[in-house]
Amino acid sequence: MRNIEAARVTEVVRRLCIEANCHLTKDLKDCIVECRKNETFPVAQGILDQIIENYGIADENNVPVCQDTGMACVFIDIGQDVHVEGNLEEAIHEGVRQGYKDGYLRKSVVRDPLDRVNTGDNTPAMIYYNIVPGEQIKITVAPKGFGSENMSQIKMLKPSDGLQGVKDFVVKVVEDAGPNPCPPVVVGVGVGGTFDKAAFMAKKALTRPVDSHNEDPFYAALEDELLEKINALGVGPQGFGGRTTALAVNIEKCPTHIAGLPVAVNINCHVTRHQSEVI
């Protein structure tokens, strides 16, 4: 059994909140650059140039790449042979509190969905726990802006809707979103499980590198097919047209009930932020 002090978790979450908001991952930057090379519409080319310039300025000056610094989604893969000395959940919230204060990041969380009073420190975080073998903790901080979050949808399809029903729903969600989620987008898709599990898988899919594929060849091919269909919509960067509506489609799946076919689509903008550390 390995002991980890809760203060160590706070320290890591604090740093990851700042890093995730200020520095896009290399796979995402490379994907945007590659899309710019392949884009033929002049307006779309100009917008992609501005996006590249923007994340370059954020890197150089260590400032947020987007003004919406998001709601802090924190994924915790905790080894079953780890003992946290202290309150783990409070440690995570404190890390978010410190990170958003010290990084001068916008505080966007309200204490109640109806009275709309800002908590003032971007807490509470949205925390997702996963118990895994080993004696380490992997922490992933994925700030989620709501311009894209608001465009996400879930649907309880019937088994008879089948593969075509899944394809049609995913493409329609992106088409309905149009320019609102600041395309080019990354599309996280969860297929199977239950209502809530599908939504979780769709969100977790957004933390996967955009140059990766599902390990199952069938779903890997489906990711490519959906990406092609979405880019054929012609929404383009910021909705002004072009061939770059999405950067990637990441699908996660799991078993489900004989009577169900849940499908969730969680959209993220081109600022698909996430940073991880193992302690």
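**Note on the sheets, helices and spaces of the model**

1. Strand β7 (residues 185-193) runs parallel to β8, and nine bridges join the two. Strands count as paired when DSSP finds at least two bridges between them. Helices (H or I, at least four residues) and strands (E, at least two) are DSSP runs numbered from the N terminus.

2. The model is predicted: local features need pLDDT of at least 70 and side-chain atom pairs pLDDT 80 or more, while totals for chains, interfaces and linings use all residues. Residues are numbered from 1 along each chain as its sequence is written, and side-chain values use heavy atoms, without hydrogens and water.

3. The β7-β8 pair belongs to an open sheet of four strands, in the order β6-β9-β7-β8, with mixed pairing. β6 (153-157) and β8 (246-256) have a single partner strand each, so one side of each of these edge strands has no neighbour in the sheet. On average, neighbouring strands here are turned by 15° against each other, direction ignored. Axes are lines fitted to C-alpha atoms (for helices, over the stretch in contact), and angles between N-to-C directions run from 0 to 180 degrees.

4. Which helices lie across this sheet? Helix α6 (residues 162-177) lies across β6, β7 and β9 (261-268), at about 30° to β9. Helix α8 (residues 217-231) lies across β7 and β8, and its angle to β8 is about 140°. Contact here means heavy atoms within 4.5 Å.

5. A further open sheet of four strands has the order β4-β2-β5-β10, again with mixed pairing. Its edge strands, β4 (126-132) and β10 (275-278), each pair on one side only. Neighbouring strands of this sheet are turned by 15° against each other on average, direction ignored. Seven bridges link β2 and β4 in the parallel sense, and G79 has V132 of β4 as its bridge partner.

6. This sheet also has helices lying across its strands. Helix α1 (residues 6-22) lies across β5 and β10 and runs at about 40° to β5. Helix α7 (residues 195-205) lies across β2, β4 and β5, at about 95° to β2.

7. The largest pocket holds about 320 Å³ of space. Of its 21 lining residues, C66, C182, C269, H270 and V271 are closest to the centre. Two or more lining residues come from each of α3 (42-61) and α5 (146-149); α3 gives the largest share, four residues. The lining has nine nonpolar, 10 polar and two charged residues.

8. The structure holds one cavity of 30 Å³ or more, and the space in the largest cavity is about 70 Å³. Residues lining the largest cavity include C73, F75, K144, K203, N266, N268, R273 and H274. β2 (71-79), β5 (137-144) and β9 each give two or more residues to this lining, with the largest share, three residues, from β5.

9. On a 1 Å grid over the protein atoms alone, a cavity is where a 1.4 Å probe fits but cannot get out; a pocket is an open set with protein on both sides within 12 Å along at least five of seven lines, and lining residues have an atom within 4 Å of a point. Volume is the space filled by probe spheres set on the points, joined across faces, edges and corners. Ala, Val, Leu, Ile, Met, Phe, Trp, Tyr, Cys and Pro count as nonpolar, Asp, Glu, Lys and Arg as charged, the others, Gly among them, as polar.

10. Overall, the protein chain has eight helices and 10 strands. Its C-alpha trace spans about 50 × 50 × 40 Å along the principal axes.
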